[in-house]
Amino acid sequence: MHRKFRRSGARRPRPGRFCAAAVLVAALLILTACGSGKPADTPSPSTTTAPPSSITPSAETTATPPKTFTDQELMTISRRVLEQHGGRVEDTAQARKSYALMPSPPASASASSVLGPTEPSECNVFHRSWQHEAQLEPSMGFALAEIFNLGDHGVGMILFDVRSAPRETLARADFDYSQELMVRCATFDQTLSSATGPQRFTIQLLPGPDIGEKAYVTKESFNENSVGMGLRVLAGTVSLDMGFNTGAISEEEGLNRMSQIAQQFVEEIKNQ
């Protein structure tokens with residue numbers, strides 16, 4: 001999504017996008033379609049190579065609701081939150097239908113087969129294909145959207161996914177890691193297949209903003225150039241996954257905008 005992060009050269013097109021789709025299944029798949037990208041702007045002080053600090057439940061944890069949300073409810077909340085950011089929400093029903101009809105990836109595909117293996121393999125939990133899993137899992141509420149016109153030239157985009165399920169189910173599905181594993185996976189590699197052969201990306205885990213119960217940032221690099229960043233947040237019965245291409249948006253702008261969106265989304269679900 002990291003995804004993801006689905007890159008600017010292959011952003012989710014309109015209803016035909018699910019043909020290209022699997023590109024949107026996860027951030028790194030789109031990455032391969034777009035090549036190595038350009039070096040990012042100078043990282044802000046928060047984007048360091050040091051292992052992320054401990055992520056502990058914030059004060060918001062007790063305020064997050066036990067209610068789970070349907071596709072339609074998540075679409076409605078997403079529209080309300082993203083409208084002010086220039087966002088456009090997809091039709092989840094059409095997304096599920098189109099995705100189910102795709103010949104690839106198959107319904108039985110594992111996260112590693114969709115995204116490519118990680119090294120160490122245990123780090124796969126931090127870059128799984130949430131959108132792929134969500135669209136094949138009708139028991140979880142799901143919505144997806146794009147936020148347009150970002151960056152100096154207005155060509156940048158943030159891709160946004162949200163899904164909902166009972167708190168324990170969602171935590172196991174999307175945030176099933178220990179602090180010790182997060183430290184061990186502070187930097188890991190992921191290898192993807194492409195038309196030009198295997199491509200190896202480096203992913204850093206960085207501390208996330210103090211939103212919800214858990215949050216972490218991913219920074220992806222190719223040939224030592226920053227090519228993408230993402231944010232994942234767990235807030236009760238909702239998990240958020242956002243990502244952008246650093247070739248079109250600076251790290252600072254992208255992370256600030258994703259943090260704003262996550263904070264506003266969490267505040268909105270408290271009012272439901």
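I call a residue buried when its relative accessible area is under 20%, exposed when over 50%, and partly exposed in between (1.4 Å probe, protein chains only). My helices (H or I, at least four residues) and strands (E, at least two) are DSSP runs, numbered from the N terminus.

**Ground rules.** This is a predicted model, where local features need pLDDT of at least 70, side-chain atom pairs count only at pLDDT 80 or more, and totals for chains, interfaces and linings use all residues. Residues are numbered from 1 along each chain as its sequence is written, and side-chain values use heavy atoms, with hydrogens and water left out.

**Helix α4.** I looked up which residues of α4 are buried, and found L74, M75, I77, S78, V81 and L82. Their cover includes β1 (87–89), α5 (92–101), β3, β4 and α10, with contact meaning heavy atoms within 4.5 Å.

**Helix α10.** Next I turned to α10, where E251, G254, L255, M258, I261, A262, F265, V266, E268 and I269 are buried. Seen down the helix axis, these buried residues fall within an arc of 160° (taken from the directions from the axis to the C-beta atoms), so they line one face of α10. They pack against α4 (71–82), β3 (141–150), β4 (156–164), β7 (214–222), β8 (225–235) and β9 (238–245).

**Cores.** A nonpolar core is a set of buried Ala, Val, Leu, Ile, Met, Phe, Trp, Tyr and Cys residues joined through side-chain atoms within 4.5 Å. In the largest, of 35 residues, L82, I158, F160, V162, L240, M242 and F265 touch the most other members. I noted that α10 gives the most to this core, with 7 residues. A second, separate core has 17 residues, including A165, L170, L181 and F188.
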